[in-house]
Structure formats: C-alpha cells, structure tokens
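Student: I am new to this structure and would like to go through it step by step. Could you guide me?

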Amino acid sequence: MPVGLVVVSHSRALADAAVELARGMLPGREQSIEVAAGDVDGGLGTDATAIADAVTAADSGDGVVVLMDLGSAVLSAETALELLDDDVRERVVLSPAPLVEGLVGAAVTAAAGADRDRVAAEALRGLAPKQAHLSG
Amino acid sequence: MVDAEALTAWVREFARLVHERRDELTRLDSAIGDADHGANLDRGMTAAVAALEAQSAGEPAAVLKTTATTLIKTVGGASGPLYGTFFLRAAGALDGPDGAALAKAVRAGYDGVVARGKAERGDKTMLDALGPACDALDEALTAGKPLEEALGAAAQAAAAGRDATAPLVARKGRASYLGERSAGHVDPGAASVTLLVEAAATALAGRG
C-alpha cells in the first residue's frame, strides 16, 4: 500500500483546494490523502483529535506523512502524536515542507510507490523548482 | 483530598473565571494577537465542564484527561494544544490524592507546555506566569506549608509573573510578528493561566 498523506490546515477550503490541486497531478491513480482542517464549527482552527483520526484513517501500515499550514496547525499536529498508539506514532512523519508545494511533491512520490522517508524528502524538496526558477 | 471531585471543582472554577473575564482576555489579545483568546478559551472550558458533567466522576486523572481532549477539540487556536498538553501531561503524572501529587502533576503539565511551545520564560507567554506558580507551589509544600497556603502563594506568583510580561518583547506565537510593538501589553496567555492558578487556590482551599 502507498504511504498515506494527511493535510492539516486552519481552513477546510484551503485544505480541500490543496488536495484537489495535488490530485490533479495523479490522474487515474489511487492515493490516500486525508484532511483535518477547521474547527468544530467549521470556522478557522485546528483540532488535534481530528488530526489523530485522519492519521489513523490514512495509515495502511507503511507510514504517514503529515503536511500542515502554520502556527497552531503545527502545535496541534504534535499534540495529535501524543494521542496515537505507539505503533502508529512510529510510522508518522510531520513534514516542515510548505503545504501546497510539499503536498504536490509528496502525493506524486507516494502514488509512485516510494517509501515514507522518500516521500517526506520529496515534500521537503517542494520549494526547489520555484527557487531555481526565480533565482535565475 | 485532591480527588476527582476536587479536580472537577478546579476545572469548573477556571471555566467560571474565564467566562467572567472573557472580554478582558480578548482585549489583551486584540492588542498583540488575533483577538480570539477570550472567546476561544471560554468556548473550550464551557465544553470541558459539559463533558465532565456527562461522565461519571471516576478516576482523578480521567477528569484532567477529559478536560485535555475537550480543549484540544474545541479551542481552535494555539491555546487548544497548549492547554490541552498541560492537562494531558498532568493527567499522566498524577499519582496520588495529596498536594505533593498535585504539584508533581502541575509541574509535568508545565514541562509539557515548554516542550510543545518550544518556549522559555521571558518569551512573553503563559510560561511567564505558570513557571513562577509551579516554583512557588513546590517551595511552599517543601517548607511544610498546607496546600491551601501553597496554592495562595502560587496564585500570587502567577499574578506577579503575568504583570511582568507587560514590558517584554514577544518571541513566540502571533505576538512575535509585532516585534518591539508587542512591548507595553500584558500577555493574554499569561493572564488566562493566572486564572487557572487562582481557580486552584479557590477550588482546592481546605482540601489539603
């Protein structure tokens, strides 16, 4: 099974749009991308219990890479790790990559069957093409 | 006895104080943050009290754990994972029904907030009030003072720490975006966590 992905954002709309953009790079391919975004009332916010549930849903045993926006999304993702069972937690990587670029890189790599560490590394490389282009 | 009932009384008193001071917390947060601290924490603590009412008294640690998960789920902003981590770690460390066990649990909660926020004292955060409160509590209990007196000293230390955040420049969280302009305002997290310690002093008085 491919590595699972989780998108954590303050905004449900932002997360869904980022997933739509990433899925556009994966025509006809299966890839688990779970979303944990927004507060309980649908407003802006993050919820560590929702993130823990999303990780559990995305986990097929081969690991999960979590991409997040900023601020409390990072704190909530770390808190979510505390809520998970030890065996699941060991399979999770929280990626410091920028959300959109990282997700696209991770999705393409995961759908191609790469392992978790490779997917996480590719997410982290997400800014490289833009940086290379604009530095010239 | 610091039992489940006593801890529930603490959480209730904190919720009451947060509700009462909600506008003041939001006003502090509008000066240097995003003006939602009072509303967010009030929503979370109202939900925590409701969750505690819905479950049977049970184990003391379960009271803290339920409070933690409810805050994590309902607060939304950074104070959700931070307060949630405080109660979660405190629940994990609570190993008895006396003042010493409470002090150990609160210290574990403080350490959890330090680890979660990657902050230290002087960064203009809730730690500037919670840290001195933990120190005062430990010191008073070690000196053989009764819990009631020790919690009173902790509340005073928290309030002094809160007031001392005013001239500081924020180095963590949203307020840090303001740089030097964050000076001159009390930190909203230090203000709300002072209410948490004051609530303990009120609700646990006489339960030594």
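Student: Which sense does strand 3 of chain A take when it pairs with strand 4 of chain A, parallel or antiparallel?

Tutor: Please keep in mind that this is a predicted model. Strand 3 and strand 4 (residues 92–94) of chain A pair in the parallel sense, over 3 bridges. One pair of residues there is Val64(A), which stands opposite Val92(A) in strand 4 of chain A.

Student: And how many bridges join strand 1 of chain A to strand 3 of chain A?

Tutor: Strand 1 (residues 4–9) of chain A is joined to strand 3 of chain A by 5 bridges, and the two run parallel. Gly4(A) has Val64(A) as its bridge partner, and Val7(A) has Leu67(A).

Student: In what order do the strands of the sheet come?

Tutor: The open sheet in chain A has 4 strands in the order 2-1-3-4, with parallel pairing. Strand 2 (33–37) and strand 4 of chain A each have a single partner strand, so each has one side without a neighbour in the sheet. From one strand to the next, the twist averages 20°.

Student: What holds for strand 2 of chain A, then: how many of its residues are buried?

Tutor: In strand 2 of chain A, 4 of the 5 residues are buried, so the strand is largely enclosed by the rest of the structure. Its pairing with strand 1 of chain A is parallel and has 5 bridges. In that pairing, Ser9(A) has Ala37(A) as its bridge partner.

Student: Back to strand 3 of chain A: which way do its residues point?

Tutor: Val64(A), Val66(A) and Met68(A) point one way, while Val65(A) and Leu67(A) point the other way. In a regular strand, side chains alternate between the two faces of the sheet. Strand 3 of chain A (residues 64–68) is mostly covered, with 5 of its 5 residues buried.

Student: Which strands does helix 2 of chain A lie across?

Tutor: Helix 2 (residues 48–58) of chain A lies across strand 1, strand 2, strand 3 and strand 4 of chain A, and runs at about 175° to strand 2 of chain A. Helix 5 (residues 99–111) of chain A lies across strand 1, strand 2 and strand 3 of chain A, at about 170° to strand 1 of chain A.

Student: One last topic: where are Lys118(B) and Lys124(B)?

Tutor: Lys118(B) is in the loop between helix 6 (99–117) and helix 7 (127–142) of chain B. Lys124(B) also has its place in the loop between helix 6 and helix 7 of chain B. Most residues other than glycine have a negative phi. Lys118(B), however, has a positive phi of about 50°, and Lys124(B) has a positive phi of about 65°.

Student: Are they buried or exposed?

Tutor: Lys118(B) is exposed, with a relative accessible area of 54%, whereas Lys124(B) is buried, with a relative accessible area of 1%.

Technical notes: Residues are numbered from 1 along each chain as its sequence is written. Chains are lettered from A and ligands numbered from 1 in the order in which they are written. This is a predicted model: local features need pLDDT of at least 70, side-chain atom pairs count only at pLDDT 80 or more; totals for chains, interfaces and linings use all residues. Side-chain values use heavy atoms; hydrogens and water are left out. Buried means under 20% relative accessible area, exposed over 50%, partly exposed in between (1.4 Å probe, protein chains only). Two strands pair if DSSP finds at least two bridges between them. Axes are lines fitted to C-alpha atoms, for helices over the stretch in contact, and angles run from 0 to 180 degrees between N-to-C directions. Contact means heavy atoms within 4.5 Å.
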